[in-house]
Every structure is written in C-alpha cells, then in structure tokens.
Amino acid sequence: MTAAKKPAILEGIKVIDLTSVVFGPLATQMLGDLGADVIKVEAPEGDLLRQVQPSNNKLMGAAFLGTNRNKRSVVLDLKTETGRGQLLKLLTDADVMISSIRPAALARLSLDPETLRRENPDLITVSATGYNQDGPYAAKPAFDDIVQSVSGLASLATLRDPDAAPEYAPTILADKLGGVTAAYAMMAALLHRERTGEAQHVEVPMFETLASFLLAEHLDGATFEETPQDFGYARMLVPHRRPVQTADGYITILPYTNMQWARFFEAIGRDDMIDHIWVTDMDARSRNIGAVYDMVAQLAQTQPTDHWLDLMEQADIPAMPVRNLSDLPDDPHLAATGFFQQVDHPTEGAIWTTKPPVRFSATPARHDHRPAPRLGEHSDEILGPSER
C-alpha cells in the first residue's frame with residue numbers, strides 16, 4: 001500500500017499574477033513549482049514575452065514557456081469596469097497579488113494596496129517595480145538593460161580596464177535576480193501572516209535589488225571610507241581572473257585557501273612555493289592576486305584539460321572544464337540528477353525544460369504539474385462561462 005502523497009509546500013495558496021516579461025513571471029513560477037495556484041491575469045493581447053521567438057505556435061514563445069509553467073491564464077481587460085470587477089472577485093479569497101503595473105497606474109484603477117486590503121484584509125500585495133517608490137526614479141520605466149546600466153553592472157569591465165567599453169552581462173540578470181528576490185519576499189510575507197495574522201505590502205525594486213547584489217563584495221574598500229569611493233573587489237577585477245587555456249581547451253583551476261594553494265604547488269612539483277608568502281598569507285596573496293593567477297595561466301598551457309582535472313581531483317583542488325551551454329545536456333552530473341526534462345505540452349508538443357534546483361525531502365517541487373498556458377486558456381474555468 002503506497003503512502004498518501006503529501007501536499008506541496010504552498011498548496012492552498014492562491015496567487016494573482018499581474019506581471020509580464022520575466023521579473024514577475026519567474027517569481028510566480030517558483031511559487032507555482034511549490035504548489036501555489038497561480039492565476040496569470042493577462043491583457044487581451046497577452047504577455048509581451050509570448051511574442052518573443054522562437055516558437056512553434058503564435059503567442060507561445062520559448063522564453064514564455066520557460067517562465068510560466070504551473071499557472072492558469074485568464075484574460076481580463078483592466079481598462080474596463082467589467083475587467084476590474086472580475087479581478088476584484090478573484091482577489092476576494094486570494095493570498096497574494098503581485099503586479100508589475102506601475103503603482104500610480106494601479107491607484108488610478110482603484111487597485112492600490114490600501115483599497116484592495118479593505119476588501120480582503122488577508123491579501124498580501126507585491127509591487128515588482130523598477131525603482132524604490134520613494135526616490136526620484138520612481139516613475140521611470142525599467143528593463144533589464146536599463147537596470148544593468150544604472151546599477152553599475154555594465155561598467156564593471158571598466159574597473160578592470162579603464163579603456164574597456166561598458167557592456168551588459170549576456171543574460172537578463174536584473175530580471176532574474178529580481179524574480180528570485182520577489183519569490184522569497186512573498187514567502188516571507190506569507191510566513192509573517194501565518195505567525196501574526198497581518199498582511200502587508202511588499203515592494204521589490206529591480207534597481208536596488210541588483211545594486212545590493214553587486215555591492216556585497218564590490219563595496220569593498222569604500223566600506224571604511226568617510227565618503228565611499230574605493231569600490232571594486234580586487235580579486236574579481238584583475239585581468240588574469242578568467243578561464244585559463246590548456247593544451248587542448250579551457251579550464252578553471254581555483255585554489256582559494258592557504259591549504260589549497262599549498263596542495264596546488266605540491267601537486268605541480270613547485271615545493272619552492274609552498275612556504276612563499278603568497279601561499280601562507282591570504283592578505284599578501286590578495287594584493288598580488290594578478291601575478292598568482294598569471295602563474296596558473298602559464299602552467300595550464302603545458303598540459304591538456306583532462307590532465308589538470310585528474311591532478312586537481314587528486315589534490316582536492318576546485319577545478320572544472322569550461323562548458324558551452326550546448327554541452328550541458330551531456331554533462332554527466334546533470335544527466336545523473338535528471339536536470340533536463342522533456343515534457344509533453346498539449347499544444348507545443350515535446351519541449352525541454354529544467355527541474356527546480358532546490359530539493360525538499362518531504363514536499364518536492366514540481367516542474368510538470370501544469371504546462372505554460374495558452375492565452376486565456378483557463379478563463380472559463382476561473383471566471384465561469386457566463387462571466388466572460
């Protein structure tokens with residue numbers, strides 16, 4: 001006799017999702033993976049991300065599929081009284097409403113947190129904004145590239161090389177980090193409500209989130225200055241901090257602690273370096289990290305990648321080959337853990353997706369409970385045929 005299946009962690013939690021593109025949808029997908037009933041409220045034209053190619057069918061782009069599983073879709077035109085009335089009905093028993101609509105626009109629609117909580121005192125409201133709403137940027141529009149620029153991320157290359165041009169990270173880092181932050185913020189607000197009975201408003205600004213993330217290490221010397229000026233964590237910015245070329249490819253070899261550096265030099269037969277101050281004193285090593293990394297780079301070229309991987313494994317030194325994204329489906333670790341999954345989508349056919357990375361021993365997250373929905377697919381189910 002099989003044991004009864006335990007409910008998912010967030011089963012019974014109803015989330016009304018008024019977000020689009022990646023920031024908010026990634027956050028609500030994470031809650032959906034944990035069992036929340038996420039109702040994606042879309043305008044008649046649908047989430048803009050639906051149109052981003054490639055796709056097999058109209059309004060079902062690959063990026064949309066990757067950020068909207070485990071949700072139901074309903075179409076509501078919030079510019080009309082009917083649409084707003086239907087949304088208010090959905091909110092009467094909802095636990096969370098998250099929106100990427102600018103707060104001023106929500107207020108004009110009488111969908112601001114204070115108004116909504118008068119109707120549902122238990123409703124947690126979340127604003128996925130570009131900027132903190134107390135500052136002069138409050139009303140400015142924000143997309144990932146914009147926030148990478150204003151946060152300092154795009155200029156990090158110029159800290160390493162003053163002659164370099166600013167550049168974006170080749171991933172939507174601001175959006176995705178904002179999504180992860182919004183997910184934990186919503187769960188923290190749910191826990192607070194569980195403990196105290198108090199619902200609250202939560203603001204997750206993308207600019208401040210990315211700036212805080214970057215400054216965890218890059219505040220560095222500025223931490224101690226009367227006027228912060230000495231920004232930039234030196235170890236991250238030296239030109240030699242990069243994958244090193246081997247005789248047949250590229251690898252990252254990263255001794256970090258004093259003991260690891262001693263084992264590294266012992267493994268390569270450089271016993272003369274074991275008692276060197278760069279090995280025995282982390283501060284001295286940090287101040288000369290470019291030269292230390294250059295030594296590794298020069299050595300790496302003398303042997304093929306597999307040689308270094310075997311040698312570093314024997315010495316218990318962190319080392320991994322440089323992979324392309326296209327290599328990941330064949331990565332032996334990801335294959336063993338079942339990271340890539342092919343699932344059948346009712347309209348898009350067989351599609352590849354990835355499993356949620358966090359594992360729970362009692363209440364596992366699910367990546368395949370509901371496929372990403374077609375536009376308005378669940379309108380009748382959610383509103384009832386007579387309400388459309």
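Guide: Start within a helix. Helix α13 (residues 282-287) holds both Arg287 and Asp283, 4 residues apart, about one turn of the helix. Keep in mind that this is a predicted model.

Visitor: How far apart are the closest N and O atoms of Arg287 and Asp283?

Guide: They are 3.1 Å apart. The pair counts as a salt bridge because the cut-off is 4 Å between a side-chain nitrogen of Lys or Arg and a carboxyl oxygen of Asp or Glu.

Visitor: Are these two side chains buried or exposed?

Guide: Arg287 is exposed, at 60% relative accessible area. Asp283 is partly exposed, at 47%.

Visitor: How many salt bridges are there by this rule?

Guide: The count is 14. One of them joins Glu381 to Arg72, with the closest N and O atoms 2.7 Å apart.

Visitor: Which parts does the pair of Glu381 and Arg72 tie together?

Guide: Glu381 sits in helix α17 (residues 379-383), and Arg72 in strand β3 (residues 71-75). So the pair links parts that are 309 residues apart in sequence.

Visitor: Is Arg72 buried or exposed?

Guide: Arg72 is buried, at 12% relative accessibility.

Visitor: What about Glu377 and Arg374?

Guide: Their side chains form a salt bridge too, at 3.7 Å from N to O. Glu377 is partly exposed, with a relative accessible area of 32%. Arg374 is also partly exposed, at 34%.

Visitor: Which residues do salt bridges with shared partners join into one network?

Guide: That network consists of Asp37, Arg72, Arg370 and Glu381.

How values were computed
Residues are numbered from 1 along each chain as its sequence is written. This is a predicted model: local features need pLDDT of at least 70, side-chain atom pairs count only at pLDDT 80 or more; totals for chains, interfaces and linings use all residues. Side-chain values use heavy atoms; hydrogens and water are left out. Helices (H or I, at least four residues) and strands (E, at least two) are DSSP runs, numbered from the N terminus. Buried means under 20% relative accessible area, exposed over 50%, partly exposed in between (1.4 Å probe, protein chains only).
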